[in-house]
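The following exercises concern a structure shown below. Please work through each task before reading its solution.

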Amino acid sequence: MTARPNYFELFGLAPNDGIDLLDLEARYRERSRICHPDRHARADEATRVKNALATSELNQAYRVLRDPIRRAEYLLQLGGVALPEKAPPALLMEMMEQREALSEARAEQDEQRICVLGAEIRGRRASAVAAIAPALDRGELSAVAEKLVELRYYGRFLEEIEAYEEAMEST
Amino acid sequence: MSGGLFQIAEPGESQIKEACTGRVVGIDLGTTNSLVATVRAGTPECLAVDDEGGRLLPSVVEYFADHTIVGKRALTDAAANPIDTIVSVKRFMGRGPGDVETTRRFTPYRFASKSGPLIRFAVAGREVTPIEVSAEILRVLRTQAEVALGGVLDGVVITVPAYFDDAQRQATRDAGRLAGLHVLRLLNEPTAAALAYGLDKKSQGTFAVYDLGGGTFDISILKLEEGVFQVKATGGDTALGGDDFDRALAELVVQRSGRAPDSPTAQRELLDACRAAKHRLTRESATEILPGVRIAREEFDEAIAPILTRTAAACRRAIKDAELTPETLDGVILVGGATRVPAVRAFVEKIFKQKPLFDLDPDQVVALGAAVQADLLAGAGPQAGNDVLLLDVIPLSLGLEMMGGVVEKIIPRNWTIPTRAQQTFTTYADGQTGFDLHVVQGERESVADCRSLARFQLKGIPPMPAGMARLDVTFLVDADGILQVTAHEQTTGQEAVIEVTPSYGLSAEEIEQMLLDSYQHADSDVKTRLLIDARVEADRILSAIRGALVADGRLLEPEERAPIEQAIAALQSARDGIDRHAIRSAIESLDHASQSFAQRRMDTSLQHAVAGRRISEVEQKLE
């Protein structure tokens, strides 16, 4: 198999280039214009499928690169660094407590408490995200990996909160 | 030939033939009205869909034992013939008999089945699916467009609500195929509207499109930059629209009068009266719906408030998904007839904290945008528009059913399409050669709360010990927002055979069968061509005789001229209709009325022509 270009290369970038979101978006538009199936509506079925696949790859690359967490995960993957299977025990314990608190609050429909829990984890997520870029700059991939594991737990927790908020809004 | 006689004196045949490189149109297949539009000389315009030149075709189909009527007349008949006349069929697309839509209040239809993947209406002694009903509407639009454009259509873009799920999209595409159309693309309605707006205004920036139609609600947030229309987020409700305003009014009327409609006819009449009252209430502060039942605008506003509140949640979610706040939006565009209601405008202003835009006709804007997209796809777009590209998203998350009825998301909502996801599965039994995947669409965690999309049965996995086979399954969502699944086994590279059983709608085989069965389809092709032929001939004759009257009108006494003028007017009006027999008979009448004029002209023209010419030449001319 020939090596597929990595997500950075798809946009004409190198992995250690910083990402400027506006520049990335302009590159995305420019490349979409070339491969989007709508630009080849008159082509035969095989070409259209090929373009759909190429565009879906470009869309995936864009989603990963513009998001600092996904981008860091992808960089680790490129660097051959696997994420630790388990979080540090202290974090695990803490998250378990938080989850318990959340499910209690949900059972009691204590909206205010849910809100407070959400705000706390959102704050911690923001500071973890902020710590990623400098660690990447210093090449400390294992530190980045730790932060990413932490973020996974926050992510799952916040997903639950968001699902709750959505359910509340639509009723 | 009558036309031939007149053409003797015609210097250079006047021809109305248009240079056509690909006849493509955009179709807005709406809940209440449908439209067809095309781009002419770089500008999109809606085409006439009836004999009076109207642009809106009521999406109403009336069934008889041996034929159907679509449009205005069917709408007029709806109250007298409520069971055989299908109104708002769009609300039933991609839905099953158990869905809420079939059990709504004031729904006069008779349903043929209580279970199964498809709703079937029992009409005029037969059963029809919503797909077939929609195909009837599309056939009329197609005929009108083909007549207007002077030939068979090469392709169409059909719009769908952005929040339509996979089954509803499939159903729409199938209806297009059944109507003999080559569907180039399904286009989301708010995106189409943005396209029409954006090109019109040459705008840049981030816009929200609030689209409240007859039966569906969509909210889309788009970023327009350098000709790329990128949808950032979309949301909505495919069972919420202006129809619900009518129902809310109906409830109010029933409450007030203390009398519920007791027959399908009475139900339809009540809904019709409420719809008309709703229209009046956009200008008037109060209106009488039934004798003695007067409703004030404030009461109407109050009745529809819960419906509007439902749209607010979707708006807030879409703004959040787009990672924006209402204040950062550059504009809010209103689309759909229901946005004419003053309370809707006020409500939108409140949610988005700015005055909405509605300078394009909210009924036409979607069809106009679809025409632009069709034109772009056909590659015949204007130079300036050639750089336009639409990047749309999938409205609902796609997931797989896992153990215990839990959903695992494979493609989250609002991902830009086309998009794909790959999952690897393994076998759990020795020698296992098949695999079942249940794909659902929705945001909830449990399968029961999501909408079942289809069951995919993978077959032909080479027999291996349990856990050895590695099956890569690719889920590709195409630019129409429709899912395709492919699978192959990693170690052997063997492609798996996939059988799809859609949860709602028709299987590929059923569609094929319907196409084969529909002789009507082939028949309507022929009919369209015959109609076009008749029109072209009528145009030729009209232009010839008008020319002749200008050139040689002096040969006629006023009382001789009058019947010719009458016959011309009659042919012109028949020509603008869609009855080819009427056109043919009007041609004959005109021929008859103008025979002596033609004879007299020929005599005169012969006298001129013979002078200085060989007789054979003259004879040739007369052939």
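Helices (H or I, at least four residues) and strands (E, at least two) are DSSP runs numbered from the N terminus, and the expected span of a helix is 1.5 Å times one less than its number of residues. The model is predicted: local features need pLDDT of at least 70, side-chain atom pairs count only at pLDDT 80 or more, and totals for chains, interfaces and linings use all residues. Residues are numbered from 1 along each chain as its sequence is written, while chains are lettered from A and ligands numbered from 1 in the order in which they are written.

**Exercise 1.** Determine what span helix H6 of chain A should have.

*Solution.* Helix H6 covers residues 111-137, which is 27 residues.

**Exercise 2.** Identify which residues of H6(A) are buried (20 or more other C-beta atoms, placed from the backbone, within 10 Å of a residue's own).

*Solution.* In H6(A), the buried residues are A:Ile114, A:Leu117, A:Ile132 and A:Leu136. Across chain A, buried residues make up 19% of the 171 residues. Just after H6(A), A:Gly139 adopts a positive phi of about 75°.

**Exercise 3.** Describe the secondary structure and dimensions of chain A.

*Solution.* Chain A contains seven helices and zero strands. From the N terminus, its elements run α-α-α-α-α-α-α. Along its principal axes, the C-alpha trace spans about 60 × 45 × 30 Å.

Terms used: Buried ≥ 20, exposed ≤ 12 C-beta atoms within 10 Å, placed from the backbone.
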